Structures are given as C-alpha cells and as structure tokens.
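Reader: I have a structure open and a few things to ask about it. Can we go through them one by one?
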Amino acid sequence: MTNTMEKKSEIIMKVRDVVCHFAGPRTSFFGERMIAHAVNGVSFDLYAGETLGLVGESGCGKSTLGQLILNLIEPTAGSVSYLGQDITTIDTKEWRRLRSEMQLVFQNPLGALNPRLTIGSQIREPLDIHHVGDEDKRDDKVLEMIAAVSLPPHLLDRYPHQLSGGQQQRVVIARALISGPKLVVCDESVSALDVSVQAQVVNLLVDLQKKLGLTYLFITHDLSIVRHISSRIAVMYLGRIVELADSEALLENPMHPYTKALISAVPVPDPRARASRTTITGEPPNPFNPPSGCAFHARCPQADSKCQSLIPVFLQIDEKHAVACHYA
Amino acid sequence: MSNTQNHGTNADHMAASPPLLEVRGLSVVFDTPEGSHQVVDHVDLKVSSGQTLGLVGESGSGKSVTCLAMLRLLAARGRVINGEVLFQEQDLLKLSEDDMTQLRGCKIAMVFQDPMVSLNPVRTIGWQISESLHLHQNISREAAKRRTLEMLDLVGIPEPKTRYNEYPHQFSGGMSQRAMIAMAIACEPKLLIADEPTTALDVTIQAQILELLSQLKSDLDMALILITHDLGVIAEAADEVAVMYAGRVVEEAPVFDLFDNPMHPYTLGLLNSLPRVDRKVDRLNAIEGSAPPPHEFVEGCRFEQRCGHCDDSCTGTRPDFKNIGTSRRVACMHPITTS
C-alpha cells in the first residue's frame, strides 16, 4: 500500500448515483419549499493511495459531495460504500469504528481549532475518543505526529491564537492524521494560506501521503494546486461531474467546454500569456432553479437546441477520460 | 494584443508628464496596547494616467494599509508619521478634511474586496450609485438616474432599469462587484484603487472583472492601483509592479521585467513557490519559514531569515534601493542577476 504510484489498485470508496437536495426558503408564505439541487447524480470510484482533485466554482456542490462521502450528511438517493460496505445504511456501532479511518481537513484552521484547548490536547483528542492504545502511550504518539508535520514540540503547550496560519493548518493536519485514517478529505485546506506558506503545506501533504499511504479527496477551486497534487481530476458544475480524467489528460486535453473555460480563466504568472485568454460570459446558474438539459448550455459557446433539452450522459471516452457533453 | 500597445504608450506618457500620484517615504504606525508597530516603512510609489500599478505582497505586508493611508482612511489607531502623498502635485496629507471628502469618491475612488460587505443592504443599488453623483456633482435627480443607468450598462450589468431598483441581496457576487465598480467610476475618477477586487470571486468571474477594469482604465484614461496577493492577477493586469514584504517595497519593475528576471530573492522565491496550471512541476519550491509579524520587524533586511543569498551585510542596516537601468529598482544587498 505504501506505493502511491500503484494506481487502479483497490477501490477504497465507491460512489453511485448520489443525489443530495436541500430544502430552501418557501416560494411564498403558503407556498412550497424550494429545493436546492446541490448534488445531482454523481458516480465515481476513489482508488487507494491516489489523490482525486475535485474542482468547481462556488455553489457547484463540491463541499457537499465531500461531506456525503464522509457520511456527514445523508444523501437523498444513491449509495456510498467504503471498502465494500455501504456507509449510508451502516449501524452506529460499526460506523463509530470506521469513522476513525476517514478524516476531514477544512479551509480555515483557526475556525477548526478550539481556542480554549492547548495544541497538544487537541492533537491527542481523537486518540481519547477512539480509545486508541494505552493512555500513557498517547502522548508519545502526539510527539511523533507533531514531528511528522514539522512543528517544534514546545508548541504543544500553546494555544491556537499564538500560532501562525501555516502552523495552525499543520496542527489541524496532525489532528486529522493521528487516528491513522486511510482516507482524508481536504476541503480547500490550503486556500486561506499565503503563497509561500501554501507551498510548504502542499509539500507536507504530499510527503505524508507517501509516508502513510493516504488517499486524498482534494476539494478546491484552484486548478493550479490541483494540477500539482492530484493524480486524477473531477470537474463539477451545478451538482454534476462534467469531466473526470487523469490530471495531465484533463489539463492538456480538456474535452468539456466548461473545463476549457475554467482552465483558460486561471491567471498564469506570465504576462506573455495574456493574449491567449478566452473568457466565458454569464454566471453559474441558480441551484434552486437548474436549467433544462445541460446545465452549462447558457454559457457554452457550442450549445445548440439538443443541449437545451437533453441532459448529456457521462461517458467514458477512453481509459483515462470521461466527459458529459453532447459534442465532446 | 492591445495590452502591449498600451504598454508602449504608457512609457511615453510617463516620460512626458509628472506622475498622477506620487507617494514619497510614507510610514504608518499602529498604536496597540503592546506598543507601537511601524507597519508601513518608507514606501515610495508612482502611478501615471492610463497605467496600472500592481501592488503585490502576502497578508500583513502593508499593501492595504499603504492605500488606506494615502486616502486618509486609517482607523483611529493608525497614524502616518512620515512622508507625502502627491496627487496632481498636491499633498493629500496636508489637505483639510473637507477638501479630502470632496476628493474621495470623486477624483480618487476605491473598490474593496468583499462587495457584499461594502454595499448597504437596505438601499437599492441605484440609490447607492447615484449617491456619489449627488454628493460630488451638482446635478438633478433625473440626470443622476440617467447617469447611473449608463454606469450600470457600462460595467456590464444586464437590464439596468430593473437592476436599478434591486437590493444587494438580489445580486450575485460578480454582479455586486460590478455595481461597486459602477459606484467608484460614476464621477469619472482620475485614480481608482482596487483592493483585492477579485479575491472573493470565482475564476471565470474574476477574468470578467479584470477585463472590465482594464477596459474602463483605457476608456476613462484612469490610473489604476491594483492590490492583490495573486501574482497571476498581476501578470494579467499590471503594467508596473511593486512587491511589498513586511511593510517595505522590496522591488519595483515593469511587469515583463519582473516576471522574466526577478531580482529580489523574495520575488524569485514567490514565483518559484507558485503551483502553475500551465505546467507540471514535481515539487513546489517553498520559501522556508513565514513572514515576520510587525513586532518582529528589524531595521536590516527583513527577508534575511528566509533568504538563501544573505550574508553579514544584510543584518543591521536597511538595504538601499539600487536603480537598475531607468525603469526598475530593488532593495537588496545581493540582487539576483542572470547573465
């Protein structure tokens, strides 16, 4: 399992036709509730040891999908299975055991840490909750973990506000990894950090993955980071995955017009790249009132009447590439 | 494309007339219960009409405080202890408060990062945009409304007549930022300061807003100061760039020179640590450590701790600016030169 390059290995997470609807405000005082179609039929596999990047704009449902995978919210329909076991219908006792094997790292580290507990006790907490090992051996494990995220041990007695943003995020990572998870969902984990610190944390995540054989679902809006860290990338638009492919294949040869637009919109740190930009007009549609047919048709330069009426099927084009577009 | 043409005309323009805005030796101190911290330290900046100055740096480098100090918008704890801000050859720091109020929003306007927070939730968008016209220009209600509708149209808000009467919560993030820009340019300012105008927006919307800003800049012949932490945005939109670190400007250069040949080790480190969408790198070259907080600012080079090029000369004395050719300068004892 330590060999992360060994892709297409074991399927750790199998997501099938997951749908998640949220009830919104009422249309009028006596009216019905509006329904937000946050996730609208998503299927994919997550292989052990890989990093799957999940990208999309705000409101496309990427964070909801991340939480569905960890069973933090219940899907409206569909199934999520972890190592062959459906976790949406699992009983509480079994789930409690499995839960230590999956962890979540959020965007804002200061919001994720308890301001009144020392760093040391927060990193130790998962071990206490899951009753891992001997009580006295747990402190050794904490020391081991803080060294693994390259923080000096004297920080263990400090409080979160005394640490810099980069250090706080390292603490959150240490806390997530101490219970020995197999799967880590990183939800915009490095987005709030400054560039120079962001690079350090990204490198740390890559190193830890190699060392511990972790599987990452890396949720972000930033395509540059996703290219760097992921082996495969899934692009979401309004609750659906529109393209899923190996990183290089997706970025060098994007097939969905939305993926093309997204890649082209990322500002590249090279002033000579200015001329090559093609911007798309319009804004993402409202999830309370999704358009008919392909959700992207109103902004798509290639759309025709077929796109307005028919939802494109998510098709495997070749071994490495799947896309949901009538004209890909 | 048109950008490169602009670039050429800007250079000519600059040589001919004095800059629209010139900041000299601006220093700002924040008084806190723990003591006074100098968060902006002798900053010099220049920007001419029709030109975009990109001000780039990490959080806490002093880029926003510099611009707030220029407009005298610092909160009670912040004070300018040194320097002058020459706008059309007039020192803004010496103007009366009334004159300054006349100038702000009229000749100099500002666009902030989060449009949702900057807009008034209980007033219509139309009311808020025409407010600055009422305050700064002696025009009738009808004329103000007509002008506001023109502005909404100019910044690309569809159906201006309907949108005029809507409230901020009915606008999406991108549309709110367009409304903020409409408000800022309603009086045709000479200088527009945009503080992280696209940071809260999605990339496809960011591209639209950057395009709009550069379009407006040339249409109205404004000067634009673009504050951002994103070197991608700088490469996209700036003509001149000033890189800030720990309260000081460390390097200033035309955008092409800066990206082709960064001379300050910090600029180089930043560029190397960026993950890029247009190419695959095996490992990011992170800069070790993190930027010092204001209470740890030293007199000598503040990047020394994280720098691979430093020696004894970097400690103790502030590195002076070295002029490189006519257009760029760098504050480093050992600037990087590529042969």
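**Cysteines, core and surface**

Author: B:C67 is buried, and its relative accessible area is 1%. Keep in mind that this is a predicted model.

Reader: Is A:C300 buried or exposed?

Author: Buried, because its relative accessibility is 15% and the cut-off for buried is under 20%.

Reader: Switching to the core. Which residues of the largest nonpolar core touch the most other members?

Author: A:I123, A:I173, A:L208 and A:L223, in a core of 65 residues. Helix α7 of chain A, residues 195-212, gives the most to this core, with seven residues.

Reader: What does A:I173 touch?

Author: Leaving out residues up to four places away in sequence, A:I173 touches A:V105, A:V149, A:V201, A:L204, A:L205 and A:L208. There is also another core apart from that one, with 38 residues, including B:I125, B:F171, B:A186 and B:L226.

Reader: Now the surface. Which residues form a nonpolar patch there?

Author: A:V313, A:L315 and A:I317, with about 280 Å² of accessible area together.

Reader: Where is A:V313?

Author: In chain A, in the loop between α11 (305-309) and β11 (315-318). A:V313 counts as exposed because its relative accessibility is 59%. In soluble globular proteins, nonpolar side chains tend to be buried together.

Reader: Backbone next. What is phi at B:E159?

Author: About 50°, a positive value, although B:E159 is not a glycine. Most residues other than glycine have a negative phi.

Reader: And what about phi of B:E196?

Author: Also positive, near 50°, and B:E196 is not a glycine either.

Reader: Where do they sit, B:E159 and B:E196?

Author: Both are in loops of chain B. B:E159 is between α6 (141-154) and α7 (160-164), while B:E196 is between β7 (191-195) and α9 (203-220).

Reader: Buried or exposed, for B:E159 and B:E196?

Author: B:E159 counts as exposed, with a relative accessibility of 57%. B:E196 is buried, with a relative accessible area of 9%.

Definitions and conventions. Residues are numbered from 1 along each chain as its sequence is written. Chains are lettered from A and ligands numbered from 1 in the order in which they are written. This is a predicted model: local features need pLDDT of at least 70, side-chain atom pairs count only at pLDDT 80 or more; totals for chains, interfaces and linings use all residues. Side-chain values use heavy atoms; hydrogens and water are left out. Patches are made of residues with over 30% relative accessible area and no salt bridge: like charges are joined within 9 Å, nonpolar side chains (Val, Leu, Ile, Met, Phe, Trp, Tyr) within 5 Å. Accessible areas come from the Shrake-Rupley method with a 1.4 Å probe; for residues, only the protein chains shown count as cover. A salt bridge is a side-chain nitrogen of Lys or Arg within 4 Å of a carboxyl oxygen of Asp or Glu. Helices (H or I, at least four residues) and strands (E, at least two) are DSSP runs, numbered from the N terminus. Buried means under 20% relative accessible area, exposed over 50%, partly exposed in between (1.4 Å probe, protein chains only). A nonpolar core is a set of buried Ala, Val, Leu, Ile, Met, Phe, Trp, Tyr and Cys residues joined through side-chain atoms within 4.5 Å. Contact means heavy atoms within 4.5 Å.
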